[in-house]
Amino acid sequence: MALQELLRKWGWYMHIAAETTAIPSGLWDCNSQTLILERLHGRDESHLLSPNADNLAIQRTAGQHATSDQLRRGGEVQLPRRLRNYHQSGAFPGANSPVNNSPQNPPYGLRTERISGSSFTAPRDHNLQTWLYRSNSSLTHSDFVPYDDHSAIDKPRHWTPNGYMWTSLNMSTNNDWTFQKLLGSNGDPAKKQGLAIYLFHVSKDMPEHNAFSSLDGDMLIIPQAGALDIQTELGNLLVRQNEIAVIPRGIRHRVTLPAGSTRGYICEVYQGHFRLPDLGVIGSTGLANARDFQIPTAAYSGKLSTTSQTLIPDTADWRTISRLNSRLWTCTQTHTPFDVAAWHGTSYPYKYDLARFCALGNVRFDEHDPSLFTVLTVPSNAARGTAVVDFAVIGPRWQVGEETLWIPYYHRNTMSEFYGPIVHAQDKSRPFNGGKEFRPFACGLNGLMATHGASEAEYARAQEIDTEKPMKQMQDRISIFLLETELPLMLTDWALEGSNMNPKSKVHKAKM
Ligand SMILES: [Fe+2]
């Protein structure tokens, strides 16, 4: 029931039940706000709040990163927090230059390299620059050559007045992270305008000595179910269901699967960067708090020569696969891209646990706008308050509005709303929705001015609710994410062919 209420909020009822993939016991299981709070307040928080727990866990898994001793000797074992702060991290003592950014002779035989996430002259609050101290400059590599068949790339070209939903999307699973399927987009990465939405369903690790990056834009990764072990140039992030991660444009990373098959969504922004929304009259805290964003610590792939005090990176023939203008390219190099011994700056990957989102809402009457659930936003260059995309999450919370219809108002929106469920728990003994009808990639799109809202039956039920009795919402182990963009989303052939149009009134297969 709660699921139906949830999905009504964004347009349509969808049948969702549990897929068979299981997350290891204890990794993640929260089916109510109470459990979420218990976990956050210390009863089961070891994997989240212990200093550097993520890094240590990943070291055990991958076995190719700096040891915990090395990290401790670096004196920076605390997992940094606070989004957009200036951070620094070193895997070895003194690897970070203490004063000058580009020293003549960096320690350990390191080279200095800089990554600019913004123009040099961007306002200070938007300036994203990071210095890396690594064994090999990323200058040395072969020329990039096409990696995929460009003629086979599915191009977004369908834009209709209809809304769409997908009870599932037909997607092969025998893929690694480099296989990301384009659902829709608008804009042009060549002009640094717009955004794209990809889906992934990966069942195997990226091959050893393979790395990926997107040159098209920052990637917001939203696992729907499962977990991703992301080794990045700046350190490691273990991203589980009900967590999100952001990988900045161009940052090389390798993804493995600590819990088997994993699926989810990627929002790639061709322009701007994700940031916390301004809070206005809410005040200084609430929604997603800056302190809860976790930033990786430097993790060096290699070893320290005690005789020469030189860092020796792992050697192998590496392949980098990069996305540019929605096309994949590849190059090779003879050294690991994960040879960064230290870094400092303002541009870095990060992750966020959606269970930490402090939802706010009405305490008297009316249904407020879903912008109140915004986690991250990418402001646009258009009118003030508009966004290339807002990422929002609608999770467990209390409904308390008196004399209010507890379902969303009927809505036509100049913004496009793409939404889908995020699974909190995958305990096989308690399958979501009774184990019925879950199909991966249930999601929907309320396009520009496409009306969405409740059915007559749902509307009638909502009219009978006793609104003087508060009700806990969203306790069925899923949340809904929302990507709300100022741009119409144009769909690919694949997306259109897998969709149902206007399912609220009459389900029929899209044929265009
Ligand atoms: Fe809406």
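In the predicted model, Tyr-108 is found in the loop between β1 (87-90) and β2 (111-116). Tyr-108 has a positive phi of about 60° although it is not a glycine. Most residues other than glycine have a negative phi. The relative accessible area of Tyr-108 is 11%, so this residue is buried. A positive phi of about 60° also occurs at Leu-287, again not a glycine. Leu-287 is placed in the loop between β14 and β15, and its relative accessibility of 4% means that it counts as buried.

The loop between β14 and β15 also holds Asp-292, whose partner Arg-356 lies in the loop between β20 (350-353) and β21 (374-379). Asp-292 and Arg-356 form a salt bridge, with 3.2 Å between the closest N and O atoms. The two residues are 64 apart in the chain, and the pair thus links distant parts of it. Both Asp-292 and Arg-356 are buried.

In the whole structure, a search finds 10 salt bridges. One of them joins Arg-323 to Glu-268, and the closest N and O atoms of this pair are 2.8 Å apart. Arg-323 belongs to strand β17 (residues 315-324) and Glu-268 to strand β14 (residues 262-269), so that distant parts of the chain, 55 residues apart, are linked. Arg-323 counts as buried because its relative accessibility is 2%. For Glu-268 the relative accessibility is 0%, and this residue therefore also counts as buried.

A further salt bridge is formed by Asp-493 and Arg-157, with the closest N and O atoms 2.9 Å apart. Asp-493 lies in helix α7 (residues 493-497), whereas Arg-157 lies in the loop between β4 (145-146) and β5 (164-166); the pair therefore ties together parts that are 336 residues apart in sequence. Arg-157 has a relative accessibility of 54% and so counts as exposed. Salt bridges also link Glu-113, Arg-134, Glu-233 and Asp-339 in a network.

Glu-233, a member of that network, is among the residues in contact with Arg-252 when neighbours of Arg-252 within four places in sequence are left aside. Arg-252 is located in the loop between β12 (243-247) and β13 (253-256). Its relative accessibility is 12%, and Arg-252 therefore counts as buried. Arg-252 and Thr-320 are 68 residues apart along the chain, and their C-alpha atoms are separated by 7.9 Å.

The iron ion has protein donors from His-411 (ND1), Glu-417 (OE), Glu-417 (OE) and His-452 (NE2), which lie 2.1 to 2.6 Å from the ion. The angles subtended by the 4 donor atoms around the iron ion range from 53 to 151°, and the arrangement is therefore irregular. A tetrahedral assignment would need all angles to lie between 85 and 135 degrees. Along the chain, the donors of the iron ion follow the spacing H-x5-E-x34-H. His-411 is in the loop between β23 (397-399) and β24 (416-423), and His-452 is in the loop between β25 (443-446) and α6 (456-463). These two histidines are 41 residues apart, and the pair links distant parts of the chain. His-411 and His-452 are both buried.

The loop between β25 and α6 also contains Leu-448. The relative accessible area of Leu-448 is 34%, so this residue is partly exposed. Together with Trp-159 and Met-449, Leu-448 makes a nonpolar surface patch of about 310 Å².

For the protein chain overall, the secondary structure comes to 7 helices and 30 strands. Of the 512 residues in the chain, 57% are buried. The accessible surface of the protein chain is about 21500 Å², and carbon and sulfur atoms account for 50% of that surface. Among contacts between residues at least 6 apart in sequence, 78% join residues at least 24 apart.

Key: Residues numbered from 1 in each chain as written. Predicted model: local features only at pLDDT ≥ 70, side-chain atom pairs only at ≥ 80, totals over all residues. Heavy atoms only, no water. Donors = N, O, S within 2.8 Å, 3.2 Å for Na, K, Ca; no water. Tetrahedral: all angles 85-135°; square planar, octahedral: opposite > 155°, others 65-115°. Helix = DSSP H or I, 4+ residues; strand = E, 2+ residues; numbered from the N terminus. Buried < 20%, exposed > 50% of the residue type's maximum accessible area, 1.4 Å probe, protein only. Patch = residues over 30% accessible without salt bridge, like charges linked within 9 Å, V, L, I, M, F, W, Y side chains within 5 Å. Areas by Shrake-Rupley, 256 points an atom, 1.4 Å probe, with all protein chains shown as cover. Salt bridge = Lys/Arg side-chain N within 4 Å of Asp/Glu carboxyl O. Contact = heavy atoms within 4.5 Å.
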